[in-house]
Amino acid sequence: MGDCSKQAREMLANTGYKVTNQRARILEILLENTDKHMSAEEIYEIIKGEKGDIGLATIYRALELFEELDIIHKLNFGDGRSRYELKEEDHHHHHLICSKCNGVFEVAEDLLDQLEEKIEKQYQFKITGHHLKFYGICQNCVEG
Ligand SMILES: [Zn+2]
Ligand SMILES: [Zn+2]
Ligand SMILES: [Zn+2]
């Protein structure tokens with residue numbers, strides 16, 4: 001637990017921005033829930049009972065700042081809420097979205113390197129990124 005708190009403070013300090021307790025706490029929660037794709041509301045639910053009392057608006061502002069600072073990125077899974085995820089430096093992953101339970105599952109490998117190479121060659125286009133989401137029905141929902 002202390003580890004995430006320390007890591008959050010270090011990450012913020014590295015950006016050159018002022019490390020406030022509120023910002024550090026919000027980033028800490030993201031670090032503690034790396035696989036959960038937290039929304040601002042979910043972060044708020046965790047923070048609500050704590051002293052210091054961070055409001056939802058503050059959380060939104062902090063998330064916007066983190067996005068600008070390139071620490072996190074915003075995701076949209078079509079459930080009407082923006083969700084946030086920490087940026088990974090050396091690799092990223094893709095998401096499988098279940099249309100029955102709205103579950104979001106991660107695909108660890110990128111799998112698109114070869115495709116990017118092929119497109120770059122064929123279209124003389126320097127690719128710097130891509131977005132990809134898969135929609136379908138998860139294992140639990142197929143069985144249920
Ligand atoms: Zn499902
Ligand atoms: Zn993810
Ligand atoms: Zn990818």
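1. Two strands count as paired here if DSSP finds at least two bridges between them. The model is predicted. With that definition in hand, Leu96 stands opposite Phe134 in β6. The pairing of β4 with β6 is parallel and runs over four bridges.

2. The sheet itself is open and has three strands. Its order is β5-β4-β6, and the pairing is mixed. β5 (104–107) and β6 (133–136) are the edge strands. Each has a single partner strand, so one side of each lacks a neighbour in the sheet. On average, neighbouring strands are turned by 25 degrees against each other, direction ignored.

3. Now the metal site. Which residues coordinate the zinc ion (ligand 2)? The donors are His37 (NE2), Glu85 (OE), His93 (NE2), His95 (NE2) and Glu106 (OE). Their distances to the zinc ion are 1.8 to 2.1 Å.

4. The donor spacing in sequence reads H-x47-E-x7-H-x1-H-x10-E. His37 and His95 link distant parts of the chain, 58 residues apart. His37 lies in the loop between α2 (21–32) and β1 (38–39). His95 belongs to strand β4 (residues 94–98).

5. His37 has 3% relative accessibility, so His37 counts as buried. His95 has a relative accessible area of 5% and is therefore buried too.

Technical notes: Residues numbered from 1 in each chain as written. Chains lettered and ligands numbered in written order. Predicted model: local features only at pLDDT ≥ 70, side-chain atom pairs only at ≥ 80, totals over all residues. Heavy atoms only, no water. Donors = N, O, S within 2.8 Å, 3.2 Å for Na, K, Ca; no water. Helix = DSSP H or I, 4+ residues; strand = E, 2+ residues; numbered from the N terminus. Buried < 20%, exposed > 50% of the residue type's maximum accessible area, 1.4 Å probe, protein only. Axes fitted to C-alpha atoms, helices over the stretch in contact; angles between N-to-C directions.
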